[in-house]
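Let's take a friendly walk through this protein together, one question at a time. Keep the structure open as you read.

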Amino acid sequence: MDYKRLVHKFLKYAHNSDLTMLHYFFRFSFALIAGVVLGSSGSATVGQANGQLVGSSVTLDYGTFNGFANASTGIIYFRGVRFADAPIGDLRWRSPVSPPTKHLGIVNATQFADACIETAQITVSPGTSEDCLFGNVFIPIGTHVDDKIPVMIWFHGGGYQLGNTHNAPPELIMGSSSRPLIFVSFEYRLGQFGFLGGTEISKNGELNAGFLDQRAALQWGSNGR
Ligand SMILES: *[C@@H]1O[C@H](CO)[C@@H](O)[C@H](O)[C@H]1NC(C)=O
Ligand SMILES: *[C@@H]1O[C@H](CO)[C@@H](O)[C@H](O)[C@H]1NC(C)=O
């Protein structure tokens, strides 16, 4: 499977006083290994000022996302980046609408967004929501235009019933990698919202919406929006 231009527009326009854009391009193939999608042979052109990626703000068609850079870890963090409309109301049990249709304005992308509701939850506990189609993008500070950087895309486990991206901080894998990599993680609908079966759903909805969320997440960047 050929997966192009991950995080394409995500990095296409970095908002920085001294930073103009930039071409961002990924071309790589990936293999599914134990639930981990691992990019390789990547070629990236990212925000450039003196050959460095600087700043921690990017503007997509549907909003400006302000992340933050941590010099201690060497990572630029973008958390809670919406990649689809909220799958609520008429969109419950349906295909995700991605990229989002509403302009989000300026988004504080420093904190994780709500996680998807788990099967066993009988209430909507704090930090969880049906509105949970968000991703997180972690980029090494100092990424150069011509760097060939692998991209690891990670979907959490949990038997499609539980779990989220919050317990997968990027520091260890990015810090221990012998070469720089970009780490990306996505939420997807779980349990009764992502994988409810039955004829009612198949007649008036979409089966395996959680997988459609994963697919939308993978396509998010390559759509160039
Ligand atoms: C930056 O990283 C260091 C080292 O992990 C950590 O102690 C610190 O809290 C981080 N800063 C922020 C603002 O997250
Ligand atoms: C973003 O949100 C965090 C956590 O709520 C807050 O500490 C920070 O000040 C916010 N940043 C801006 C620019 O509002």
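Q: Of the contacts in the protein chain with a separation of 6 or more, what percentage is accounted for by residues 24 or more positions apart?
A: This is a predicted model, and its chain has five helices and 14 strands. Counting contacts with a separation of 6 or more, the share from residues 24 or more positions apart is 69%.

Q: How many residues does the largest nonpolar core have?
A: Residues with the most contacts inside this core include Val81, Phe83 and Cys116. Among the elements that give two or more residues to the core are β8 (75–82), β12 (134–140) and α5 (209–222). The core's total is 39 residues.

Q: Which residue in β6 stands opposite leucine 60?
A: β5 and β6 form a hairpin, with two residues between them. The two strands run antiparallel and are joined by four bridges. Across from leucine 60 in this pairing is glycine 63.

Q: Does tryptophan 93 count as buried or partly exposed, and why?
A: Tryptophan 93 sits in the loop between β8 and β9, and its phi is positive, near 60°. Most residues other than glycine have a negative phi. Being buried takes 20 or more C-beta neighbours within 10 Å. Tryptophan 93 has 19 inside that distance, so it counts as partly exposed.

Q: Which residue does a cis peptide bond join to serine 98?
A: Most peptide bonds are trans. Here, omega is about 0°.

Conventions
Residues numbered from 1 in each chain as written. Chains lettered and ligands numbered in written order. Predicted model: local features only at pLDDT ≥ 70, side-chain atom pairs only at ≥ 80, totals over all residues. Core = buried A, V, L, I, M, F, W, Y, C linked by C-beta atoms within 7 Å. Buried ≥ 20, exposed ≤ 12 C-beta atoms within 10 Å, placed from the backbone. Pairing = 2+ DSSP bridges. Contact = placed C-beta atoms within 7 Å.
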